Amino acid sequence: MIDSGDTAWVLVASALVLLMTPGLALFYGGLARGKNVASTMMYSFATIGIVGVVWVLWGYSLAFGPSVGGFVGDLSFFGLDGVSATEGMSKDSTIPHQAFMIFQGMFAIITPALITGAFAERMKFSAFVIFTVLWVTIVYTPVAHWVWAEGGWLIDLGSIDFAGGTVVHINSGVAALAAALIIGKRLGLGREPMEPHNVPLVVLGAGLLWFGWFGFNAGSALASGGDATNAFVVTNTATCAGVLGWVAMSWIFAKKPSVIGAASGAVAGLVAITPASGYVGPMPALLIGLGAGVFCYGAIQLLIKLKVDDALSVWGVHGVGGTWGALATGLFVGIGFSELADGVSRGQQIGYQFIAIGATWAWSFAVTAVILVGIKYTIGLRVSDAEEETGLDISEHAEPAYRL
């Protein structure tokens with residue numbers, strides 16, 4: 001019983017989510033220094049091509065194929081074998097199987113692109129390509145299977161994640177922390193100015209992320225009904241609150257209401273509401289967004305004090321924002337929208353959320369570290385000191401972002 005309205009909405013939502021990755025390229029490009037703008041944007045744009053191919057060949061099958069022990073899918077859908085463009089993936093589906101596949105593919109694309117902000121301005125492009133293929137295959141697809149696929153152990157346990165707090169944001173944010181620690185600091189950190197080179201690009205990128213995120217969250221309803229409407233409303237509400245929370249923190253502690261802080265607060269609010277967007281109403285969304293602005297600002301300041309060079313603050317926004325959002329989902333589920341599962345108390349639901357958070361943190365950090373160490377001691381992770389000083393736009397791509 002394929003529904004044309006639901007199908008149309010999911011296809012539009014897929015396009016919105018795809019737009020988020022070029023939006024991320026602008027956001028990260030604006031945050032980078034002028035000599036690394038093109039290379040930073042290339043990370044995001046290249047991820048679309050790399051993961052788009054991996055997803056069709058084996059990624060989708062590993063994430064959503066028939067479960068192997070609740071841990072990962074098998075290869076039944078390799079090369080999209082048996083993934084129909086006219087029939088649903090189950091008898092209850094109202095959208096074609098391929099519509100679901102391509103929607104999930106857009107999530108798989110943006111997740112490793114988020115990680116690139118941690119190692120911007122110093123990672124070799126060849127190392128990035130290998131890392132991306134391995135990471136989406138070994139790290140992303142199992143977590144997606146645990147949380148969203150039929151038979152996944154976390155969904156069977158009872159943890160809830162409407163649109164990717166664990167799968168996308170904790171997963172990428174914790175991987176970013178591992179990358180920052182293993183790759184090491186940029187040359188001159190603490191001695192040379194490393195401020196964002198283009199504030200308008202940052203704001204434009206954040207605006208495109210905000211726009212695309214309606215597909216990210218409301219599209220996860222997989223139907224054009226009340227669930228999508230609520231997800232749309234709470235997504236905007238939390239994002240607005242995230243802006244206010246971050247700007248307030250920058251105004252209090254840095255004595256100025258930061259423009260980049262406003263853009264970052266919007267992204268933090270978007271991150272935090274993602275897992276809860278199908279389960280809470282507008283009032284909890286305000287608290288979730290406000291908390292994201294405050295907690296993520298604090299997390300970034302903590303890493304600065306610890307001298308960990310997460311170049312574009314991926315862990316602070318996505319790791320911490322995703323963790324807060326996943327926990328807040330358990331705290332607020334059923335308030336204003338939806339309800340707790342039958343027979344599950346709020347305390348039990350919070351416990352399930354903690355298990356999902358802990359499992360994702362542990363898996364993402366450990367396996368990402370193994371991948372990075374393997375690359376480090378084979379082809380190497382970083383460009384040479386001379387190439388880093390020159391800037392990756394010239395040394396890696398021979399194409400400066402600006403010809404002045």
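**Close-up A. Arg33 pairs with Glu121 in a salt bridge.** The closest N and O atoms are 3.1 Å apart. A salt bridge here is a side-chain nitrogen of Lys or Arg within 4 Å of a carboxyl oxygen of Asp or Glu. Arg33 sits in the loop between H1 and helix H2 (37–64), and Glu121 in the loop between H3 and helix H4 (125–148), so the pair ties together parts 88 residues apart in sequence. Arg33 is buried at 10% relative accessible area; Glu121 is buried at 1%. Buried means under 20%, exposed over 50%, partly exposed in between (1.4 Å probe, protein chains only). This is a predicted model: local features need pLDDT of at least 70, side-chain atom pairs count only at pLDDT 80 or more, and totals for chains, interfaces and linings use all residues. Residues are numbered from 1 along each chain as its sequence is written, and side-chain values use heavy atoms, without hydrogens and water.

**Close-up B. Glu192 also forms a salt bridge with Arg33.** The N to O distance is 4.0 Å. Glu192 lies in the loop between helix H6 (165–183) and helix H7 (199–218), so its pairing with Arg33, in the loop between H1 and H2, links parts 159 residues apart in sequence. Glu192 is partly exposed, at 32%.

**Close-up C. Arg382 and Glu388 meet in a salt bridge.** Their N to O distance is 2.7 Å. Arg382 is partly exposed at 25%, whereas Glu388 is buried at 2%. Elsewhere, salt bridges that share partners join Arg33, Glu121, Arg186, Glu192 and Asp309 into one network. The structure holds five salt bridges.

Methods: Helix = DSSP H or I, 4+ residues; strand = E, 2+ residues; numbered from the N terminus.
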